[in-house]
Amino acid sequence: VRAALDHCLGKLPDADRALVADRYERGLRVTQMAERLREKAATVRVRLFRIRQALRRCVEALLSKGGAT
């Protein structure tokens, strides 16, 4: 599963990958991210939600094909 996730993260646009890194690797709060991006917190939450959906679909597709494990 980790290899599939890494593969799918690599396919994300740079801006989306940076959001994921800020939230899950650096542990920034959504409000902190919103301030840095000069966006509303709700906008950042929606962007993260859509990124997670895309990652989930990508990982599930790879795993169903027996691709990355």
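**Exercise 1.** Find which residues of helix α3 are buried, and work out how they are arranged around the helix.

*Solution.* Keep in mind that this is a predicted model. Start with helix α3, residues 30-37: Val 30, Met 33 and Ala 34 are buried there. Next, look down the axis of α3: the buried residues fall within an arc of 100°, so they line one face of the helix. Now turn to the face of α3 away from the buried side, where you will find the exposed residues Glu 35 and Arg 36. Finally, ask what the buried residues pack against: the partners are α2 and α4.

**Exercise 2.** Describe how helices α2 and α4 cross, and what kinds of residues make their contact.

*Solution.* First take the axes of α2 (residues 14-25) and α4 (residues 41-64): they come within 10 Å and cross at roughly 105°. Angles of 65 to 115 degrees count as roughly perpendicular, and α2 and α4 are therefore roughly perpendicular to each other. The residues in contact include Leu 19 and Tyr 24 of α2, and Leu 48 and Ile 51 of α4. Sorting the contact residues by type gives 7 nonpolar, no polar and 4 charged.

**Exercise 3.** Decide whether Asp 22 is buried or exposed, and list its contacts beyond its sequence neighbours.

*Solution.* Locate Asp 22 in helix α2. Its relative accessibility is 12%, so Asp 22 counts as buried. Setting aside neighbours within four places in sequence, Asp 22 is in contact with Gly 27, Leu 28, Met 33 and Arg 36.

Conventions: Residues are numbered from 1 along each chain as its sequence is written. This is a predicted model: local features need pLDDT of at least 70, side-chain atom pairs count only at pLDDT 80 or more; totals for chains, interfaces and linings use all residues. Side-chain values use heavy atoms; hydrogens and water are left out. Axes are lines fitted to C-alpha atoms, for helices over the stretch in contact, and angles run from 0 to 180 degrees between N-to-C directions. Helices (H or I, at least four residues) and strands (E, at least two) are DSSP runs, numbered from the N terminus. Angles under 35 degrees count as roughly parallel, over 145 as roughly antiparallel, 65 to 115 as roughly perpendicular and the rest as oblique. Contact means heavy atoms within 4.5 Å. Ala, Val, Leu, Ile, Met, Phe, Trp, Tyr, Cys and Pro count as nonpolar, Asp, Glu, Lys and Arg as charged, and the others, Gly among them, as polar. Buried means under 20% relative accessible area, exposed over 50%, partly exposed in between (1.4 Å probe, protein chains only). The arc is that of the directions from the helix axis to the C-beta atoms.
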